[in-house]
Amino acid sequence: MQYINRLSDYEGRRESAVTFGKFDGLHTGHQKLIEQVQSLGEAEGLVRIVCAFDMHPLWERIGKTPRMLMTGRERQRQLSEKVNVLVECPFTLEFSKIHAEEFIRDIVSKRLCARYVVVGTDFQFGYEKQGDIHMLRQFEEVYGYRLIVIEKERYEDRVISSTYIKELISKGDLALANRLLGYSYGITGQVEHGKKLGRTLGFPTLNVAWQEGKLVPPRGVYLSNVQVDGQRFHGISNVGVKPTVSKEERVLIESFLFGYDGDAYGKEVTIELLAFRRPERLFGSVSELKACIDRDIEYGKRFFGM
């Protein structure tokens, strides 16, 4: 897959099937759009393109702290086998002032050579959101593409959206959030050297820093799966700052893996959060902390049927 971080850098000449959106999380609703692009591209020999709007420039202008479901690198990894090109399009002030028909003419038609445009029912674009699916339909014949509008995925009475999933994660409902994402929420990062307290207490752990800008679930202990050295291990993971043994404010995810005895320092691991166990809290002593972690481990064994 080709990764491009500015629309102006894309210089393809072949016709394409393209979809547009923020694609934060690549949840099951997003996946319907991408599956349609895949299907059209493979059937007709088209370039398969995802154009993801990067909202960081807008957030910086308005002083908003990002709370993403997915980093750019994670998006690249998930799409690498599905599309030919991922364009991360920064939502700059200049970009926000492009009028809707200019967007269709200069980006959809000239830049991306779209034969098919695949979007959701609420897709809006152009200066002050002047463009929508009705305008895209109006200009189909003028610019020579075909519009395909995909209905929203729903769970019970709610549209599946990044906002809805963020609500679920923020209150610790990882089971439903993961169902709507279509995969388990978590992080990928490099294992750091810690204080090795877990090792002295009998349960060595892997420490990974939580990515900046990515939504942090409620601090506490989770049942998890951890991928390391090409294998997946069940585990118990604490998301937080370890207040009993540390004064550090940086959020870490510390994981104990069942059946793993390797050396993971410096390696990249992926931690998937499955279910919330209990909130993080300050214990009166290290021995109280150890007793609680022992109970967490026993709970984990029962959860995973070990």
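Me: Which helix does K166 lie in?

Reply: K166 lies in helix 8; helices (H or I, at least four residues) and strands (E, at least two) are DSSP runs, numbered from the N terminus. The model is predicted, so local features need pLDDT of at least 70 and side-chain atom pairs count only at pLDDT 80 or more, while totals for chains, interfaces and linings use all residues. Residues are numbered from 1 along each chain as its sequence is written, and side-chain values use heavy atoms, with hydrogens and water left out.

Me: Is K166 buried or exposed?

Reply: Buried means under 20% relative accessible area, exposed over 50%, and partly exposed in between (1.4 Å probe, protein chains only). K166 has a relative accessible area of 19%, so K166 is buried.

Me: Which residues does K166 touch, not counting residues up to four places away in sequence?

Reply: Contact means heavy atoms within 4.5 Å. On that basis K166 touches D24, R67, L69 and L215.

Me: How do helix 8 and helix 9 pack?

Reply: Two packed helices are described by the angle between their axes and the distance between the axes. Axes are lines fitted to C-alpha atoms, for helices over the stretch in contact, and angles run from 0 to 180 degrees between N-to-C directions. Here the angle is about 155 degrees and the axes are 8 Å apart. Angles under 35 degrees count as roughly parallel, over 145 as roughly antiparallel, 65 to 115 as roughly perpendicular and the rest as oblique. Helix 8 and helix 9 are therefore roughly antiparallel to each other. On the helix 8 side, Y164, I165, L168 and I169 meet L176, A177, L180 and L181 of helix 9.

Me: How many residues of helix 9 are buried?

Reply: Six of the eight residues in helix 9 (residues 174–181) are buried, so the rest of the structure largely encloses this helix. The six are L174, L176, A177, N178, L180 and L181. Their cover includes helix 1 (28–44), strand 7 (154–155), helix 8 (162–170), strand 11 (220–228) and strand 14. After helix 9 comes G182, with a positive phi near 90 degrees.

Me: Which strands does helix 9 lie across?

Reply: Helix 9 lies across strand 11 and strand 14, at about 140 degrees to strand 14. Helix 11 (residues 286–303) lies across strand 11, strand 12 (231–240), strand 13 and strand 14, at about 105 degrees to strand 14.

Me: In what order do the six strands form the open sheet?

Reply: Two strands pair if DSSP finds at least two bridges between them. The order is 9-14-11-12-13-10, with antiparallel pairing. Strand 9 and strand 10 (206–209) are at the edges with a single partner strand each, so one side of each has no neighbour in the sheet. From one strand to the next, the twist averages 35 degrees.

Me: Which residues touch the most other members of the largest nonpolar core?

Reply: A nonpolar core is a set of buried Ala, Val, Leu, Ile, Met, Phe, Trp, Tyr and Cys residues joined through side-chain atoms within 4.5 Å. The largest has 34 residues, and F20, F53, V117, L136 and Y145 touch the most other members. Helix 5 gives the most to this core, with five residues.
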